[in-house]
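Subject: Structure handover and notes

Hello,

Here is the structure for your files. My notes follow below it.

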Amino acid sequence: MTDAHAGDVLRIYAAGIATGNATFETVTPSWTAFGDGKLAAHRFVAVAGGTVAGWVACSPVSARPVYAGVVENSVYVDPAAAGRGVGRALMAALIASTEAAGVWTIQSGVFPENAASLALHRRCGFRTIGFREKVGRLHGTWRDVVLVERRSPVVG
């Protein structure tokens with residue numbers, strides 16, 4: 001993922017925000033704000049027909065050295081590319097990249113209503129580790145989050 005992909009990445013993110021089931025965010029950030037906190041070595045796009053079809057990125061979960069091998073992922077697929085394996089390809093790239101860098105756990109918080117994301121994470125080796133009830137509010141409504149994680153079989 002480079003600056004050249006900014007428009008498409010933010011467009012896809014905006015589509016996810018609009019669903020109300022992808023993130024607690026309500027406004028598409030600037031490209032700079034989007035990149036803040038994301039690990040540059042672990043940001044990827046899938047390009048099909050010259051257009052970005054999806055993206056994946058991750059952020060550290062803590063600045064504490066003990067958690068250096070734990071990241072939180074985000075994965076978004078253009079609605080026009082849904083069901084074509086884009087998400088799975090992006091997650092495979094992220095898993096390979098993070099494992100090569102010594103990351104032992106990828107985690108994510110997913111709204112229970114986001115069945116496609118939960119299914120994608122399961123297919124990529126994630127397991128449900130918890131459920132946070134009413135952890136945050138979105139548009140005035142308390143929302144639950146399913147916690148999923150993938151422990152690397154080769155790191156840690």
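First, a definition for the helix packing: axes are lines fitted to C-alpha atoms, for helices over the stretch in contact, and angles run from 0 to 180 degrees between N-to-C directions. The model is predicted, so local features need pLDDT of at least 70, side-chain atom pairs count only at pLDDT 80 or more, and totals for chains, interfaces and linings use all residues. Residues are numbered from 1 along each chain as its sequence is written, and side-chain values use heavy atoms, with hydrogens and water left out.

Helix packing

Two packed helices are described by the angle between their axes and the distance between the axes. Here the pair is helix α3 (residues 86-100) and helix α4 (residues 115-123). Their angle is about 45°, and their axes are 10 Å apart. Helices and strands are DSSP runs, numbered from the N terminus (helices: H or I, at least four residues; strands: E, at least two). That angle makes α3 and α4 oblique to each other. The classes are these: under 35 degrees is roughly parallel, over 145 roughly antiparallel, 65 to 115 roughly perpendicular, and the rest oblique. The crossing of α3 past α4 is right-handed. A crossing is right-handed if the near helix is turned clockwise from the far one by less than a right angle, and left-handed if anticlockwise.

Ala 93 is in α3. Ala 93 is partly exposed, at 26% relative accessible area. For exposure, buried means under 20% relative accessible area, exposed over 50%, and partly exposed in between (1.4 Å probe, protein chains only). Ser 117 sits in α4. Ser 117 is buried, at 13%.

Salt bridges

How many salt bridges does a search of the whole structure find? It finds five. The criterion is a side-chain nitrogen of Lys or Arg within 4 Å of a carboxyl oxygen of Asp or Glu.

Asp 8 and Arg 11 form one of them, at 3.4 Å from N to O. Both residues are in helix α1 (residues 6-19). They are three residues apart, about one turn of the helix. Asp 8 is partly exposed at 26%. Arg 11 is partly exposed at 36%. A network of salt bridges links Asp 8, Arg 11 and Asp 78.

Glu 113 pairs with Arg 143, with the closest N and O atoms 3.1 Å apart. Glu 113 is in the loop between β4 (105-110) and α4, and Arg 143 is in strand β6 (residues 141-151), so this pair ties together parts 30 residues apart in sequence. Glu 113 is partly exposed at 47%, whereas Arg 143 is buried at 10%.

Arg 127 and Glu 149 also meet in a salt bridge, at 3.0 Å from N to O. Arg 127 is in strand β5 (residues 127-138) and Glu 149 in strand β6, so the pair ties together parts 22 residues apart in sequence. Glu 149 is buried, with a relative accessible area of 11%.

Surface patch

Which residues make the nonpolar surface patch of about 240 Å²? They are Val 61, Val 66 and Tyr 67. Patch members have over 30% relative accessible area and no salt bridge; like charges are joined within 9 Å, and nonpolar side chains (Val, Leu, Ile, Met, Phe, Trp, Tyr) within 5 Å. Accessible areas come from the Shrake-Rupley method with a 1.4 Å probe, and for residues only the protein chains shown count as cover. Val 61 is in the loop between β2 (51-60) and β3 (70-77). Val 61 is partly exposed at 32%.

Backbone and distances

Lys 134, in strand β5, has phi of about 50°. His 139 has phi near 55°. His 139 lies in the loop between β5 and β6 and is exposed at 66%.

- Ala 101 to Val 61: 15 Å, 40 residues apart along the chain. Ala 101 is in the loop between α3 and β4 and is exposed at 53%.
- Ala 93 to Asp 8: 19 Å, 85 residues apart along the chain.
- Ser 117 to Val 77: 9.8 Å, 40 residues apart along the chain.

Best wishes
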